[in-house]
Amino acid sequence: MTVVGPFGLSVRDQALEADVQVGLTAVEEGLLEATKSEVAFITEAAQHLVRAGGKRFRPLLVMLAAQFGDPYALGIVPSAVVVELTHLATLYHDDVMDEAEVRRGVDSANTRWGNSVAVLTGDFLFSRASHMLADLGPEAVRIQAEAFERLVTGQILETAGPRDGRDPVEHYLDVLAGKTGSLVAVACRFGAMMSGADETVVDVLTQYGERLGVAFQLADDVLDIASDSRESGKTPGTDLREGIPTLPVLRLRERAERLGLPADVALCELLDSDLAEDARLAEALERLREHPALEQARRDTVRYAEDARSALAPLPECAAKKALTEMCELVVHRAG
């Protein structure tokens, strides 16, 4: 059993392991090259999160999806770099919106250099991704543009909240399909498409990617409450402090409205209060960690991961399919 990449996927096939490792190494080199600028300060800011590491979840999916065609095709590594650059750019912007202080175990860019530099650095990464996309052809540009529209729409809908009468949980799951699932789906789609895989295989892997992406974000929701900073690489309770309604909180509110239990109502009131004070945030985290809503969110994560696994059924049995199946298990494991 060999561990491949920071995400921790174990691969039992030596040929697959070699292909993935070579691909991820090339992606890492491509990320460093794509984030260079003639201006030294821009290079420093743009490479801040690249050098901080990360799971490289999306590039890994590109490499695995490419196994269903020619895994050595020229467009595979550049497309993986494009997807990761886009993801990194969103992190710079997210940290500004969330006023996050830590990302991947280091100071966030907005903490180190201020909001303006963080936003502009994210824009710089988007521009570099677009430049690389132009070399991958008009179809790749169109796919990325559609995914980016969905990503931004999901972020806006999250900020706006559900319309009157809309179930908040359903609204939130739609938000995640846009802001997270769309780019993970593109990772799988690019890997398969650039490798020349059959269109039916491309479609299957795209569906898998979107479902896995939602499960991945749901696991992050659980980790924001259940983990410490050493596990998650960011400050626990960041979403709680900013009032972002992640799934455990939505499940709590759903239960409080349905049952009206005093303890649930009191916890909702605590979450609605000012959590800027560390002691109040710590109390909210402690009470949520013991609440059934967190376990419900874990079950939701498992359900989406199982949906992703089921989507793989039409694919032929091979080492890459086994690895993609294990990715579903790893997402669930992250959520505990």
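Trainee: Is Arg 334 buried or exposed?
Mentor: Arg 334 is buried, at 18% relative accessible area. Buried means under 20% relative accessible area, exposed means over 50%, and partly exposed lies in between (1.4 Å probe, protein chains only).

Trainee: What kind of model is this?
Mentor: This is a predicted model, where local features need pLDDT of at least 70, side-chain atom pairs count only at pLDDT 80 or more, and totals for chains, interfaces and linings use all residues. Residues are numbered from 1 along each chain as its sequence is written, and side-chain values use heavy atoms, leaving out hydrogens and water.

Trainee: Back to Arg 334. Which residue forms a salt bridge with Arg 334?
Mentor: Asp 220 does, with the closest N and O atoms 2.5 Å apart. A salt bridge here is a side-chain nitrogen of Lys or Arg within 4 Å of a carboxyl oxygen of Asp or Glu.

Trainee: Where do Asp 220 and Arg 334 lie?
Mentor: Asp 220 lies in helix α10 (residues 199-226) and Arg 334 in helix α17 (residues 319-334). The pair therefore ties together parts that are 114 residues apart in sequence. Helices (H or I, at least four residues) and strands (E, at least two) are DSSP runs, numbered from the N terminus.

Trainee: And Asp 220, buried or exposed?
Mentor: Asp 220 counts as buried, at 17% relative accessibility.

Trainee: How many salt bridges does the structure hold?
Mentor: It holds 21 salt bridges. One of them joins Glu 283 to Arg 287, with the closest N and O atoms 3.1 Å apart. Those two residues are 4 apart in helix α15 (residues 278-289), so about one helical turn separates them. Glu 283 is partly exposed at 34% relative accessibility, and Arg 287 is partly exposed at 28%.

Trainee: What about Arg 298? Which residue forms a salt bridge with it?
Mentor: Glu 295, with the closest N and O atoms 3.6 Å apart. Both residues sit in helix α16 (residues 292-311), 3 residues apart, about one turn of the helix. Glu 295 is partly exposed, with a relative accessible area of 37%.

Trainee: Which residues are linked in a network of salt bridges?
Mentor: Arg 251, Glu 254, Asp 300 and Arg 303 are linked that way.

Trainee: New topic. How many disulfides does the structure hold?
Mentor: It holds 0 disulfides. A disulfide needs a pair of cysteine sulfur atoms within 2.5 Å. Cys 188 is in none, and the nearest cysteine sulfur, that of Cys 328, is 9.8 Å away.

Trainee: Is Cys 188 buried or exposed?
Mentor: Cys 188 is buried, at 0% relative accessibility. Cys 328 is buried too, with a relative accessible area of 1%.

Trainee: Let's zoom out. How many helices and strands does the protein chain have?
Mentor: The protein chain has 17 helices and 4 strands. Along its principal axes, the C-alpha trace spans about 60 × 50 × 40 Å.

Trainee: What radius of gyration would a compact globule have with 336 residues?
Mentor: Near 20 Å, and the chain has 20 Å, which agrees. The radius is taken over C-alpha atoms, and the globule rule is 2.2 Å times the number of residues to the power 0.38. Of the 336 residues, 52% count as buried.

Trainee: Which residues does Asp 264 touch?
Mentor: Asp 264 touches Leu 252, Arg 255, Ala 256 and His 291, not counting residues up to four places away in sequence. Contact means heavy atoms within 4.5 Å. Asp 264 is in helix α14 (residues 262-272). At a relative accessible area of 3%, Asp 264 is buried.

Trainee: What is phi of Arg 56?
Mentor: Phi of Arg 56 is near 50 degrees, a positive value in a residue other than glycine. Most residues other than glycine have a negative phi. Arg 56 sits in the loop between α3 (48-51) and α4 (57-65). Arg 56 is buried, at 4% relative accessibility.
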